[in-house]
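Q: Could you take me through this structure feature by feature, giving the general idea before each case?

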Amino acid sequence: MLDQTTIAETLGQHYDLAPSLEAAERLSDVYATMSRVVTPADWAIHAPYVEAINRLKKERNAVILAHNYMTPQIYHGIADVVGDSLQLAIEATKVKAEVIVQCGVHFMAETSKILSPEKTVLIPDMEAGCSLAESITPEGIAEMRRRYPGAPVVTYVNTSAAVKAASDICCTSSNAAQIVAALDAETVIMTPDKYLAQNVARQVPQKTIVWYDGSCIVHERFTAAELRDFRSWQPDTRIIAHPECPPDVVAEADFSGSTAGIIDYVTREQPGKAMLVTECSMASNISDALPGVEFVGPCNMCPYMKMITLEKVLWSLHSMEGAVEVDPSVAEGARLAVQRMIDLSKPKAA
């Protein structure tokens, strides 16, 4: 991939990307979805990129899948599908476009490629990794199997294709408890997120859950003391935590759920004040849709998610660089683990 200076110069030769009040006005309806968190001046910078990307993705027959941790200008400005990792995994199997641009981190793009091998899957920055995904290897899975022979391995989707292929079934934060409860085994291995595993163990006490020693750099930094101090300062604030947080943090929260679960909860409850104990863009992306909710308190930024920018998305569609490939032999095993998760997550027929 070219350096960012060369990319910017090359894009500038093909698209009018100068800040534009006219472009901002043309996209005023889009801006209305993020005006609480994006200034008019910043929108004048972003709008030309949004116009160029939306025009180019039609030419390329492309669809953009964006995770809930993307910035508002990506989440609201260019995404065709937004959601948590489970929602994006399912939608990747449904899209009709020939090209998928994955606005998220590398394992998400791999998952889309695994489920749609016939499509071109692009990631705007190949270096957009994940600390949690990098904490586990197939060898780590093999070691857990040796320590707990016969126990099925439930692996978080925040992992590489090779790790998924070495597992029995995948899970996300939204369906982990459901997946574990449905398995016909007394002991279940969960990898790689130790905090998600510990939180699931509380929800599924009938199982013995053992876990790998991995964690997410965004969520492991929150502390229970931090939440208690905040609640004593603003007792009317609803505290909502992601299950990748340590169990004592989740215990201090009023609600814990996946990114999609958090959005559903805040939308349904509409508390006067809410603190989202997760990645910072979560509150930004739902702020304008919930004008009655004041989002307060600390959040942590994911440096990997923030590597995905409008400029990089435009370059990926312009150059068609950043195609994600998965070895077919690895993809087959990984696809089976992901598909088992999707099948177990489907609502039961009445």
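A: A word on conventions comes before the features. The model is predicted, so local features need pLDDT of at least 70 and side-chain atom pairs count only at pLDDT 80 or more, while totals for chains, interfaces and linings use all residues. Residues are numbered from 1 along each chain as its sequence is written, and side-chain values use heavy atoms, with hydrogens and water left out.

Q: How many salt bridges are there, and by what rule?

A: Side chains of opposite charge can pair when their charged atoms come close. The rule applied here asks for a side-chain nitrogen of Lys or Arg within 4 Å of a carboxyl oxygen of Asp or Glu, and by this rule the count comes to 13 salt bridges. One of them joins lysine 57 and aspartate 80, with 3.0 Å from N to O.

Q: Which parts of the chain does the pair of lysine 57 and aspartate 80 tie together?

A: Helices (H or I, at least four residues) and strands (E, at least two) are DSSP runs, numbered from the N terminus. Lysine 57 belongs to helix H4 (residues 40-59), and aspartate 80 to the loop between helix H5 (72-75) and strand E2 (81-83), so the pair ties together parts 23 residues apart in sequence.

Q: Which residue meets aspartate 125 in a salt bridge, and where do the two lie?

A: Aspartate 125 meets lysine 312, with 2.6 Å from N to O. The pair links distant parts of the chain, 187 residues apart: aspartate 125 sits in the loop between strand E4 (120-122) and helix H8 (138-147), and lysine 312 in helix H16 (residues 310-319). Aspartate 125 is buried, with a relative accessible area of 9%, and lysine 312 also counts as buried, at 12%. Elsewhere, Arg238, Arg268 and Glu269 are linked in a network of salt bridges.

Q: How many aromatic pairs does the structure hold, and how is a pair described?

A: A pair of aromatic rings is described by the distance of the centres and the angle of the planes. Rings of Phe, Tyr and Trp (its six-membered ring) pair if their centres lie within 6.5 Å, and planes under 30 degrees apart count as stacked, over 60 as edge-to-face and the rest as tilted. The structure holds three aromatic pairs. For phenylalanine 230 and tryptophan 233, the centres are 5.3 Å apart and the planes at 90°, so the pair is edge-to-face. Both residues lie in helix H12 (residues 224-233), three residues apart, about one turn of the helix. Phenylalanine 230 is buried at 10% relative accessible area, but tryptophan 233 is exposed at 61%. Phenylalanine 255 and tyrosine 265 form a stacked pair, with 4.3 Å centre to centre and 5° between the planes.

Q: Which residues of H12 are buried, and where do they fall around its axis?

A: The buried residues of H12 are Ala224, Leu227 and Phe230. Seen down the helix axis, they fall within an arc of 125° (the arc of the directions from the helix axis to the C-beta atoms), so they line one face of the helix. The face turned away from this buried side carries the exposed residues Asp229, Ser232 and Trp233. What covers the buried residues includes strand E9 (237-241), helix H13 (247-252) and strand E11 (273-277), by contacts that mean heavy atoms within 4.5 Å.

Q: Which residues does the UniProt annotation "binding site" cover?

A: According to the unreviewed UniProt entry, the annotation covers His67, Ser85, Tyr156, Val157, Asn158, Ser173, His242, Pro243, Glu244 and Thr259. UniProt positions are given in the numbering used here, feature names are shortened, and annotations may be inferred rather than shown by experiment.

Q: What surrounds tyrosine 156?

A: Tyrosine 156, found in strand E5 (residues 153-156), is buried with a relative accessible area of 2%. Not counting residues up to four places away in sequence, tyrosine 156 touches Leu132, Cys171, Thr172, Ser173, Thr191, Pro192, Asp193, Leu196, His242 and Glu244.

Notes: Buried means under 20% relative accessible area, exposed over 50%, partly exposed in between (1.4 Å probe, protein chains only).
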